Amino acid sequence: MPEARAKKGAAGDGAARKPAGDGGNGGNGGDGGTAGTARPRRRQARGEARIAQLLQAAANVFCTSGYTASSTNAIAREAGVSPGTLYQFFPNKEAIAVELGDQLLDRWRDTYGAAFTPSHIELPLNRMLDAVLDPLIAFNCENPAFSVLMHGSEIPGQITEEHDTLHATMLSRVEEILVNYVVNVPATQVHRVAEMTFMAFKAGLDLIMAHEDEERDAYIRELKTLMFRYLDPLIGDDSPHLAPHARGGGTA
């Protein structure tokens with residue numbers, strides 16, 4: 001993040017980290033010059049590309065080694081740059097993790113926002129589960145660093161705080177959807193069901209992430225079956241979202 005990048009480099013490199021010609025600080029470059037507008041724009045574009053390269057390398061290293069065991073040297077090697085180049089953009093591993101975490105959290109908000117769209121409430125239970133779960137599972141499978149950065153005792157506090165806030169928001173969205181499916185169920189029970197459903201998803205997601213290819217697909221089906229069989233009896237025969245055809249097959 002900008003305030004993190006303004007700090008001096010860590011890892012005992014000893015030298016002040018001044019932005020190089022490709023400008024890691026939004027095109028200011030730190031050179032004090034008064035170059036024309038074209039050159040700063042090019043520097044900014046190159047700087048953004050370098051930051052994206054470093055963040056992708058960090059994601060790979062975090063997934064391979066875990067956050068705690070990762071180092072800036074390993075991230076630089078993965079990115080194919082020198083440690084000095086890395087320090088032009090990030091003062092330490094924590095700053096890299098915070099920026100990567102911010103980007104992933106923003107994308108996760110967009111993903112679950114689309115997954116919990118109001119139109120899905122009109123679907124039968126089995127199809128609603130597909131519509132909600134598929135994009136959430138796909139995001140996590142495509143971004144394994146998200147799981148690494150959202151858990152662990154040594155993850156920077158800013159990331160964990162934002163994740164906890166997001167967790168509470170998602171739980172509320174699950175509860176809002178369930179209210180539209182269950183009939184004549186007290187609010188306290190709906191809340192308990194929402195928590196159980198959310199925790200079942202998280203546990204199932206851990207298993208899904210631990211497998212690949214056909215076995216991963218099998219665990220995705222198992223998770224959907226589990227959630228359908230848990231929620232289906234709670235809906236009630238007079239629910240407008242009852243899906244009799246689903247009970248005879250499909251997800252269940």
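In what order do the elements of the protein chain run from the N terminus on? They run α-α-α-α-α-α-α-α-α-α-α, and the secondary structure comes to 11 helices and 0 strands, where helices (H or I, at least four residues) and strands (E, at least two) are DSSP runs numbered from the N terminus. This is a predicted model, in which local features need pLDDT of at least 70 and side-chain atom pairs count only at pLDDT 80 or more, while totals for chains, interfaces and linings use all residues. Residues are numbered from 1 along each chain as its sequence is written, and side-chain values use heavy atoms, with hydrogens and water left out.

View 1. L100 lies in helix 5, which spans residues 93-115. Because its relative accessibility is 6%, L100 counts as buried (buried means under 20% relative accessible area, exposed over 50%, partly exposed in between, with a 1.4 Å probe and protein chains only). Apart from neighbours within four places in sequence, L100 is in contact (heavy atoms within 4.5 Å) with L55, A58, A59, F62, A145 and L149. L149 is 49 residues from L100 along the chain, and their C-alpha atoms are separated by 8.6 Å.

**View 2. Helix 3 and the residue after it.** In helix 3, residues 72-79, the buried residues are T72, A74, I75, A76 and A79. G80 follows helix 3 and has a positive phi, near 75°.

**View 3. The loop that holds E212.** E212 is found in the loop between helix 9 (187-209) and helix 10 (213-235). With a relative accessible area of 60%, E212 is exposed.
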